[in-house]
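Visitor: I would like to learn how to read a structure feature by feature. Please show me the case before we start.

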Amino acid sequence: MSEQLLYILVAILATLVGTLAVYAVFLSRENRRIRLEGKRQEDIYKRLNDRLDDVHRTELNPHLLKNSLNAILSHAYQTYFTMDKLAQVLDYVLYESPNKLVSPKEEVAFALNLIEINKIKLSPLFDIQVKVDVEEEHEPLFSAPVMIPLITIDLIENAFKHADIQSANSFIAIAISFENGILEITVNNTISKKSPLAKRKGGIGSKALEERLMRYYAGRHELHRFVENDIYSAYLQIQLYES
């Protein structure tokens, strides 16, 4: 009886040892896999960080690309068209805007591409109006490198970020004009009562925009932003020639 019990105990111990050995091998492989995965994620993070460094040099709103990509993913059927617009936006951000100055024509094209990217967040029935009024043949400054880049981001991003896109009577209206060396951008859109903008009457928008305008266009610009009757309004005028 004692020999049988000893045999059973040895068998159990052998099983336990075998199980522990297999589990040790599994843990070793899993640990190696986790280390490799961690290294792969670090490499991806480093590559993205390196690319984002290029973007930050342009003083770009860091949420722009994230918002654009989220908008694209939310409507896959429009991906091809929107990816083309995003490619143009990225070209402008990475290759054109690092230059000290760009032409108003390039900046307006960038603004229109940005609008197209954001439009896919909206229902096909949503009331969005975009108007561009430029007579290029009479405006030599329009194609000349005379303005700082990415000046239109703040107003356009705010229009889509805070717009009430659910209500039946909601709208977004964006007008861009260039005449006699003066660039004007007007944005109006309905906002949700829950939007932070609805709770504020002043100080709306990015301080970075105001700082850039004061730095480069002191005495040559107007910027007005306010909310009235659940409508957000913004107006920017820049005189690109120096008196």
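Visitor: Which polar contact does the side chain of Glu 107 make with another side chain?

Guide: A polar contact is a pair of N or O atoms within 3.5 Å; within protein, one must be able to donate a hydrogen and the other to accept it, and residues adjacent in sequence count only if both atoms are side-chain atoms. Here the side chain of Glu 107 makes one with the side chain of Thr 152, at 2.9 Å. The Glu 107 side chain also reaches the backbone nitrogen of Leu 150, at 2.9 Å. This is a predicted model, in which local features need pLDDT of at least 70 and side-chain atom pairs count only at pLDDT 80 or more, while totals for chains, interfaces and linings use all residues. Residues are numbered from 1 along each chain as its sequence is written, and side-chain values use heavy atoms, with hydrogens and water left out.

Visitor: Where is Glu 107 placed, and is Glu 107 buried or exposed?

Guide: Helices (H or I, at least four residues) and strands (E, at least two) are DSSP runs, numbered from the N terminus. Glu 107 sits in helix H4, residues 104-119. Buried means under 20% relative accessible area, exposed over 50%, partly exposed in between (1.4 Å probe, protein chains only). Glu 107 is buried.

Visitor: What is Glu 107 in contact with, leaving aside its neighbours within four places in sequence?

Guide: Contact means heavy atoms within 4.5 Å. With those neighbours set aside, Glu 107 contacts Tyr 92, Val 102, Met 147, Pro 149, Leu 150, Ile 151 and Thr 152.

Visitor: How many salt bridges does the structure hold?

Guide: The structure holds 4. One joins the side chains of Asp 154 and Arg 225, at 2.7 Å, N to O. Asp 154 lies in helix H5 and Arg 225 in strand E4, so this pair ties together parts that are 71 residues apart in sequence. Both Asp 154 and Arg 225 are buried. Another joins the side chains of Glu 210 and Arg 225, at 2.8 Å, N to O. Glu 210 is in helix H6 and Arg 225 in strand E4, 15 residues apart, and the pair links distant parts of the chain. Glu 210 counts as partly exposed, at 34% relative accessibility. Salt bridges that share partners join Asp 154, Glu 210 and Arg 225 into one network.

Visitor: Which residues of H6 are buried?

Guide: Leu 209, Arg 212 and Leu 213 are buried in H6. Seen down the axis of H6, the buried residues fall within an arc of 100 degrees (the arc of the directions from the helix axis to the C-beta atoms), so they line one face of the helix. On the other side of H6, Lys 207, Glu 211, Met 214 and Arg 215 are exposed. The buried residues of H6 pack against H5, strand E4 (221-228) and E5.

Visitor: How many residues does the largest nonpolar core have?

Guide: In soluble globular proteins, nonpolar side chains tend to be buried together. A nonpolar core is a set of buried Ala, Val, Leu, Ile, Met, Phe, Trp, Tyr and Cys residues joined through side-chain atoms within 4.5 Å. The largest one here has 41 residues, and Phe 110 and Phe 160 have the most contacts inside it. H4 supplies the largest share of this core, 6 residues.

Methods: Lys and Arg count as positive and Asp and Glu as negative; His and the chain ends are not counted.
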